[in-house]
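Hi everyone, thanks for making time.

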Amino acid sequence: MADNSQQGGAVRSSHKHKKPIHCFDLPDSAFIPHQNHLLQNLLNRNFPDISTLSEQQQIALARLVPMLLCGEQSAMFVFHREAARLANKGEEECYKALMQIEADEFVHEQVLQKLQSLLPQPDDVDRIRKRSRLFYARIDRQSTSLASHFWQISQLDASVCLILSALNKAIHQHPISEIFSAIMRDEARHVAIARQHAQFLASDQIQCTAPSIHNQLVELLKTETASLHALDIDANALFQRITKLSITKPFITQLSTTKTYDREISP
Ligand SMILES: [Fe+2]
Ligand SMILES: [Fe+2]
């Protein structure tokens with residue numbers, strides 16, 4: 001996919017007419033909102049000063065954060081819906097684990113929305129939002145079952161960990177990096193829970209397949225290759241790491257037919 005947003009290396013952006021990124025209709029609140037999440041403390045008290053980022057870093061982040069934000073909103077919607085479905089089914093362990101993820105996604109969304117509001121707004125932010133939304137909506141459409149959907153989500157979260165790790169390293173000396181590292185820690189936990197949930201569901205729906213989302217994610221990220229480079233991130237190495245996940249984690253071979261839910265990762 002060609003990136004038409006940049007001309008001669010300069011990215012157009014402004015601080016005018018800024019609006020929140022809105023990709024999906026969102027639940028009003030989490031079932032059990034966090035009271036003491038690290039990121040919530042940042043939101044309430046000590047949000048990092050972004051003015052010490054270079055202009056180039058701010059512009060690059062302003063183009064990448066909407067992609068992450070759209071993913072957070074998609075995750076809020078999916079985990080809210082699944083937790084609500086399980087609430088009436090007596091699946092206590094799953095329900096608790098999914099509710100905790102849902103609460104995490106709410107905080108992630110809020111903190112990224114706050115960060116986005118402080119960054120300059122790209123003139124083509126709507127185009128970034130639309131192609132991101134298309135990518136996340138496609139995951140839902142391409143899933144052949146609920147089990148495959150949660151497997152895809154586990155793969156997506158693993159890929160997002162790689163992106164967050166790259167962002168964290170790129171600005172590791174700036175307090176903003178704390179946002180990316182805190183979200184990354186949560187997402188690493190989400191990978192395990194989403195995978196277990198896929199296994200849990202697949203014991204009832206063993207005939208499921210899941211197309212790889214990794215290449216599609218790389219295609220989305222390629223539209224912002226220049227932004228990755230502006231942050232001194234080796235874009236090709238990042239794309240390769242993401243693509244490699246699809247080789248190391250094939251869906252069917254990872255599925256267990258044993259219906260279990262690991263209590264250690266439940267809240
Ligand atoms: Fe998240
Ligand atoms: Fe997540």
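So, how many helices and strands does the secondary structure of the chain come to? It comes to 10 helices and 4 strands. When I say helix or strand, I mean DSSP runs, H or I over at least four residues for helices and E over at least two for strands, numbered from the N terminus.

Some housekeeping before we go on. This is a predicted model, where local features need pLDDT of at least 70, side-chain atom pairs count only at pLDDT 80 or more, and totals for chains, interfaces and linings use all residues. Residues are numbered from 1 along each chain as its sequence is written, and chains are lettered from A and ligands numbered from 1 in the order in which they are written.

Now, the order of things. Going along the sequence, you read β-β-β-α-α-α-β-α-α-α-α-α-α-α. The chain has 267 residues, and 43% of them are buried. Buried here means 20 or more other C-beta atoms within 10 Å of the residue's own, exposed means 12 or fewer, and partly exposed is in between, with C-beta atoms placed from the backbone. As for contacts, I count two residues when their C-beta atoms, placed from the backbone, lie within 7 Å. Of the contacts in the chain with a separation of 6 or more, 86% are between residues 24 or more positions apart.

Let's look at how some helices pack. Start with α2, residues 55-87, and α3: their axes come within 8 Å and cross at roughly 155°. That makes α2 roughly antiparallel to α3. The axes are lines fitted to C-alpha atoms, for helices over the stretch in contact, and the angles run from 0 to 180 degrees between N-to-C directions. For the wording, under 35 degrees is roughly parallel, over 145 roughly antiparallel, 65 to 115 roughly perpendicular, and the rest oblique. The crossing of α2 and α3 is left-handed, that is, the near helix is turned anticlockwise from the far one by less than a right angle, with clockwise being right-handed. Their contact takes in 18 nonpolar, 5 polar and 5 charged residues.

Next, α3 (residues 92-118) against α6 (residues 177-202). These pack at an angle of about 150°, with axes 10 Å apart. That makes α3 roughly antiparallel to α6, and the crossing is left-handed. On the α3 side, the residues meeting α6 include I101, D104 and H108, and on the α6 side you'll find D186, H190 and H197 among them. By class, this contact has 10 nonpolar, 3 polar and 2 charged residues.

What about α2 and α4, at what angle do they pack? It's about 40°, with the axes 9 Å apart, α4 being residues 125-142. The two helices are therefore oblique to each other, and α2 passes α4 in a right-handed crossing. Among the α2 residues here are R63 and G71, which sit in a contact that also includes R129 and Y136 from α4.

In α7, residues 214-222, the buried residues H214, L217, L220 and L221 are worth a look. They cover an arc of only 120° around the axis, judged by the directions from the helix axis to the C-beta atoms, which puts them on the same side of α7. As a reminder, an α-helix has 3.6 residues a turn, so residues three or four places apart point the same way.

Take L217 from that group. Is L217 buried or exposed? Buried, because L217 has 26 C-beta neighbours inside 10 Å. Beyond its neighbours within four places in sequence, L217 is in contact with F135, S159 and I242.

Over in α6 there's F180, also counted as buried with 24 C-beta neighbours inside 10 Å. F180 touches L164, L167 and N168, leaving out residues up to four places away.

Last one: D232, in the loop between α8 (225-230) and α9 (235-248). Its phi is near 65°, positive in a residue other than glycine. Most residues other than glycine have a negative phi. D232 is partly exposed, with 13 other C-beta atoms within 10 Å.

Key: Ala, Val, Leu, Ile, Met, Phe, Trp, Tyr, Cys and Pro count as nonpolar, Asp, Glu, Lys and Arg as charged, and the others, Gly among them, as polar.
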